[in-house]
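Let's take a friendly walk through a protein model together.

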Amino acid sequence: MENILEITGLSKSYEGFSLRDVTFSLPKGYIMGFVGQNGSGKTTTIRSILNMANIDSGRISIFGLDSIKDTIAIKERLGIVFDSLYFADHLNVKQIEKQLRPFYKKWNSEEFSRRIKSFELPENKRVGTFSKGMKMKLMVAAALSHDAELIILDEPTSGLDPVARDELLDILAEYIEDENRGVLFSTHITADVERIADYVTILHAGRVWFTGTKDELIENYSIIKGSESELSPELKGKLIGFHSYRNGFDALISAKDISGIPRSVETEKASIDEILVYIAKEDKNERNTENGTL
Amino acid sequence: MSEILKMVRFDIGNVSTLTLPYVAGFIVLSAVLAVFGIPLCMLCLIAPLCLFAPADLMSKPTLKRIYGVLPVSRTAALTASFAEMGVSLFIGEVLSLLMYLVCSVTTLYRLLPEYIRDISRSLVDPQYNNAGFSAADYSVLMVEVFALLCLLTAYLKMMTEIHGADTSVRYMISALSALAAAAAAVIILSKRGIITSVKSLLIPDSSGGKWLLCIAVNIISAAVFLLSHRYTLAKTSDYEL
């Protein structure tokens, strides 16, 4: 499979935060959900992809081109949607279209108008007065009107109502029907990822915790619940986000470690949301009882 | 070059509904008044500053993201920003001089009420002002004001790009204070006879001298803009968006 996006060994440090050795790839024709807690490094990774942040080391390749050397050629073929509008608030849709048109060789004004109509966006109203959902749709319309081959969305669904979120996911599903395209979207709303993504990359504390298909993620991790006394110390050490309470414990476990679990321990599939919660718990080292003793 | 022109078009698009109508309206009004001999056109020198500066200073940090989204280099975006400021200042200079020329040759000032006519003529005709300034003298002064504005704009533009819009307000206040202090010093020294004549200091007597000074001032202004642009580029080349 040909990759539309490849990130290898990306590192970037700021005061109090660093991305370390981030490596993942997105094949053509698929949607990748890029998830992690707030502050895990999703936006920094996206800014690095867009050459808006200066990376310390590593390599980012998009369409087989280098993200730094070929940034202009890459952006011709990229569609970008941020969580907030990057157009001037006092302009209307028509004026924004006029501004963007000269920058893209493949800009299609008819396609833009069609999208604006289908999204029911007013053409003569100042975009600053748009609702969050309308602003997001405007950025999507702009991204889809120059035949972008890869769309990158940074937290596009945060702050959107369920209907607007559903509409956006439908747009992305329709866009990806062309198998030469790709979508990378960062979010902390994992329900969106579960609904639409083919691939998932989980970023935690600046590192890639998991990258692979969504099915692999779901299959590879389970939640176990039971009595703490049934766990051997060796098995306990392999659990992720172990949480003990008066009547038992719960934790996340990798499929490769699940064979050593006693039958009396309850096992269930983990959702992406739950996986994220257990990763965060592991970080806080919640290996304690409710009264605080180990 | 085409990248820079695209960015200039983009920036003009940004100000098209914000400041452009007001600046254009002011220029038209100045032109109409010039026909009647009222030299409001002298203020056209500052009109270009009102065109781009507010958008530059007031733009939200999120708007900077657009430069990370568009297929354009940071160098082109910055070059366009300096170029549009410099060129608009130069257009302001040319327009104000042309309108001032109209103002000095028109005879329609006779239609004006006496009070307004006297004030207007004092800025055009040496017979109407105590300093004995001619239209040519005022023109040279306007070119010098243009140069001062160029210096100030280039400096503030540089500081805005390097330190951010918030910090540049501080620089603007200090620069304006320094200018006001310098102007006050010249006036006081002149009144006390230490500088015998402000006129001889700023305006050459001969026609050739006046032309030479105007050309030199324009060349120096362009050079200042170019140097500020180069310095800003070097300082901000590794800035993140």
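## A lysine inside

A:Lys42 is buried, with a relative accessible area of 4%; buried means under 20% relative accessible area, exposed over 50%, and partly exposed in between (1.4 Å probe, protein chains only). This is a predicted model, in which local features need pLDDT of at least 70 and side-chain atom pairs count only at pLDDT 80 or more, while totals for chains, interfaces and linings use all residues. Residues are numbered from 1 along each chain as its sequence is written, chains are lettered from A and ligands numbered from 1 in the order in which they are written, and side-chain values use heavy atoms, leaving out hydrogens and water.

Which residue forms a salt bridge with A:Lys42? The partner is A:Glu155, with the closest N and O atoms 3.5 Å apart. A salt bridge here is a side-chain nitrogen of Lys or Arg within 4 Å of a carboxyl oxygen of Asp or Glu. The pair links distant parts of the chain, 113 residues apart: A:Lys42 sits in helix α1 of chain A, and A:Glu155 in the loop between β7 (150-154) and α6 (162-175) of chain A. A:Glu155 is buried too, at a relative accessible area of 9%.

## The helix around it

Helix α1 of chain A (residues 42-49) has seven of its eight residues buried, so it is largely enclosed by the rest of the structure. Helices (H or I, at least four residues) and strands (E, at least two) are DSSP runs, numbered from the N terminus. Among the buried residues of α1(A) are A:Ile46, A:Arg47 and A:Ile49. After α1(A) comes A:Asn51, whose phi is positive, near 60°.

## More salt bridges

Over all chains, the rule counts 20 salt bridges. One of them joins A:Glu167 and A:Lys137 (2.8 Å, N to O). A:Glu167 is in helix α6 of chain A and A:Lys137 in helix α5 (residues 132-144) of chain A, 30 residues apart. Are these two residues buried or partly exposed? A:Glu167 is partly exposed at 32% relative accessibility, whereas A:Lys137 is buried at 13%.

A:Lys281 and A:Asp250 form a salt bridge as well, their closest N and O atoms being 4.0 Å apart. Both of these residues are buried.

## Two domains in chain A

Chain A is divided into domain 1 (3-217) and domain 2 (220-283), with bounds that come from an automatic or database domain assignment. Their contact (heavy atoms within 4.5 Å) takes 14 residues from domain 1 of chain A and 12 residues from domain 2 of chain A. Between these domains, the rule finds zero salt bridges.

## Where chain A meets chain B

In the contact between the chains, 28 residues of chain A touch 26 residues of chain B. Together the chains bury about 2,500 Å², 55% of it on carbon and sulfur atoms; buried area is the accessible area (1.4 Å probe) that two parts lose on being put together, summed over both. A:Met52, A:Tyr86 and A:Phe103 supply 27% of the area that chain A buries against chain B, more than any other three residues.

How many salt bridges does the rule find across the interface of chain A and chain B? It finds one: A:Asp83 pairs with B:Arg65, with the closest N and O atoms 3.4 Å apart.
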